[in-house]
Amino acid sequence: MDSAQGVAARTLAVEGLTEAEEEELRAELTKVEEEIVTLRQVLAAKERHCGELKRRLGLSALGGLKQNLSRSWHDVQVSNAYKKTQETLSQAGQKTSAALSTVGSAISRKLGDMRNSATFKSFEDRVGTIKSKVVGDRESSSDNLPSPAGNGDQPLSDHKPF
């Protein structure tokens, strides 16, 4: 890059600054960057020391995580948003429970009404008559029924498996 382009680029980048101000800012920038590196090194050393102290005291990262989660959950529970949501869901649950109870009562009432109806009683009588005929015939002729194996002389348990 020739000096004319360098001057033009510098002029665009530092418009409104004198050459002395620019050099002063660059020196300050270098100093701040060096301080940042130093602070990172100090922080890393402090974190290692902290970890060593926790290890010697028997404190684990899992214990700290549990404590942080517990604290966070407590903070959530005492928040207004959580309380409002909990209240809304509680009300919705109560309304749903009441609605289901009402529907259940209505169904029970309808089934009771249907059972007491003439059509159901007629159907029930017919089923009872058919049942008594089928069961009555089996009871009276149980001696003549063939065994499940087709031979009345041998019990089912004497048959050999396939």
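Modeller: The protein chain has five helices and zero strands, where helices (H or I, at least four residues) and strands (E, at least two) are DSSP runs numbered from the N terminus. Please keep in mind that this is a predicted model, in which local features need pLDDT of at least 70, side-chain atom pairs count only at pLDDT 80 or more, and totals for chains, interfaces and linings use all residues. Residues are numbered from 1 along each chain as its sequence is written, and side-chain values use heavy atoms, with hydrogens and water left out.

Now to the part you asked about. A salt bridge here is a side-chain nitrogen of Lys or Arg within 4 Å of a carboxyl oxygen of Asp or Glu, and the count comes to two. One joins the side chains of Glu 22 and Arg 26, at 3.1 Å from N to O. These two residues sit four apart in helix H2 (residues 19-57), so about one helical turn separates them. Glu 22 is buried, at 7% relative accessible area; buried means under 20%, exposed over 50%, and partly exposed in between (1.4 Å probe, protein chains only). Buried residues make up 2% of the 162 residues in the protein chain.

Another salt bridge links Arg 55 with Glu 52, at 2.5 Å from N to O. Arg 55 and Glu 52 are three residues apart in helix H2, so they too are separated by about one helical turn. Arg 55 counts as exposed, with 55% relative accessibility, while Glu 52 is partly exposed at 34%.
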